[in-house]
Amino acid sequence: MDFTAHNKEARAVWDSFYAGAPIRMPVMLGLNPRYYLLDPALNKDNISFRRYTEDAITMAKVQLAFNEYRCQNLYADDQMGLPDVWNIYADLQNVGDGVYFGGELWYPDGSTPAVKPFLTEDNRDAFISDKLPDPFGGVMGMARDHVAKMREYAETHTYLDRPINVNWCSAISTDGPMTAACDIMGTAEFCMSLYDDDGYAQKLLAFITEGIIYRIKEWHKYFGYAETSKGCSFADDSIALISTDAYEELIMPHHVRIIEAMSNDLSATNSIHLCGDATRHFKLLRDKLNVYNFDTGFPVKHGELVKELGPDVTVSGGPHIDLLLHGTPDQVAAETKRIIDEVKPHTKRFIMRDGNNIAPKTPAENIRAMYETVREYGQY
């Protein structure tokens with residue numbers, strides 16, 4: 001492909017989308033270095049997730065190799081071809097909240113890092129205190145050291161003759177207070193506590209929420225970023241496990257607290273990522289939390305969802321990752337077109353993407369089939 005022409009088109013697509021007059025539906029991809037590490041065809045040195053996570057220079061080199069592959073092979077409305085600068089970051093995958101609150105980092109079956117639940121009847125009361133965890137203690141300290149070492153590496157190295165920049169750490173984001181509670185207590189145990197021991201569950205959620213806010217703000221200071229922003233972006237996949245009434249009563253107040261603490265303009269719209277079957281909550285989130293940007297997973301009835309939420313709400317979604325992984329390009333194209341046909345009558349605020357987070361070994365030709373189908377049928 002002519003990457004110069006591609007990049008010109010991608011910029012025009014996004015510029016028109018953000019201006020409120022999209023020329024066609026944009027395409028984005030959910031990808032991270034997991035795609036590289038768990039594919040032997042790419043990870044020819046058999047670098048383990050443990051080595052990647054715990055060694056800063058390995059992390060830097062893996063991300064550079066992954067970014068090189070992505071920008072030349074995986075088609076979306078991203079800037080493709082070699083960039084002017086490579087952006088890399090300290091990557092904790094999805095364990096940042098759990099390890100911050102004291103969970104043990106481990107690698108089940110050599111795969112992505114996880115957190116072992118540790119909160120029990122014996123230690124749960126002592127866990128909640130007035131003292132919040134150190135934002136730079138334990139694994140968080142390792143992440144800060146990674147940033148420093150990766151920056152030192154970037155000062156003395158280039159990649160394909162281009163400079164390297166280190167400007168982020170996943171400790172700045174959160175997977176949400178309910179998801180963090182499930183991580184450190186165990187999913188079944190915490191969900192039971194919501195109903196059987198609501199008093200403790202609410203104290204735990206309040207403690208976790210304040211800890212998340214404190215950590216993110218301290219990491220913002222570390223990078224020299226403003227502590228707050230216009231609007232707030234967060235996630236909490238675990239709310240897919242409970243009813244909308246239960247969410248509104250038991251979890252939503254903690255999401256309100258995050259938004260109030262992290263946004264400097266409470267009239268601004270907010271964004272949320274929710275994998276799983278959580279769409280029943282979306283209208284409430286729009287109306288009560290001013291969420292106008294939803295990043296979805298699966299299962300999602302895209303047409304029904306965008307019709308319910310209205311044309312002013314942005315929804316990201318698309319073919320299930322299993323179809324992208326195991327299907328043929330023709331099957332991916334057919335499903336992509338089906339979704340386009342569902343949503344186009346109701347909105348111009350739909351972003352096509354995988355549903356959700358592209359699996360390792362997904363064929364590049366399947367990703368391109370999704371992209372080219374949107375280029376053909378996603379025009380407005």
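How many residues apart are Phe-49 and Tyr-52 in helix H3? They are three residues apart in this helix (residues 49-54), which means that about one helical turn separates them. The model shown in these close-up views is predicted.

**View 1. Phe-49 and Tyr-52 form an aromatic pair.**
The structure holds 20 aromatic pairs. In the one formed by Phe-49 and Tyr-52, the arrangement is edge-to-face, with 5.8 Å centre to centre and 90 degrees between the planes. Phe-49 has a relative accessible area of 2% and is buried. Tyr-52 is also buried, at 0% relative accessibility.

**View 2. Ring pairs link five named residues into a cluster.**
The cluster consists of Tyr-100, Phe-101, Phe-118, Phe-127 and Phe-207. These residues are joined through ring pairs.

**View 3. Lys-116 lies over the face of Trp-106.**
The distance from Lys-116 to the ring centre of Trp-106 is 5.1 Å.

**View 4. The charged end of Arg-349 sits over the ring of Phe-17.**
Here the charged end of Arg-349 is 3.9 Å from the centre of the Phe-17 ring.

**View 5. Cys-232 is in no disulfide.**
A search of the whole structure finds zero disulfides. For Cys-232, the nearest cysteine sulfur belongs to Cys-169 and is 18 Å away. Cys-232 is buried, with a relative accessible area of 7%.

**View 6. Cys-71 is a buried cysteine.**
The relative accessible area of Cys-71 is 9%.

Terms used
Residues numbered from 1 in each chain as written. Predicted model: local features only at pLDDT ≥ 70, side-chain atom pairs only at ≥ 80, totals over all residues. Heavy atoms only, no water. Phe/Tyr/Trp six-rings, centres within 6.5 Å; stacked < 30°, edge-to-face > 60°. Helix = DSSP H or I, 4+ residues; strand = E, 2+ residues; numbered from the N terminus. Buried < 20%, exposed > 50% of the residue type's maximum accessible area, 1.4 Å probe, protein only. Lys NZ or Arg CZ within 6 Å of the ring centre and 35° of its normal. Disulfide = S-S within 2.5 Å.
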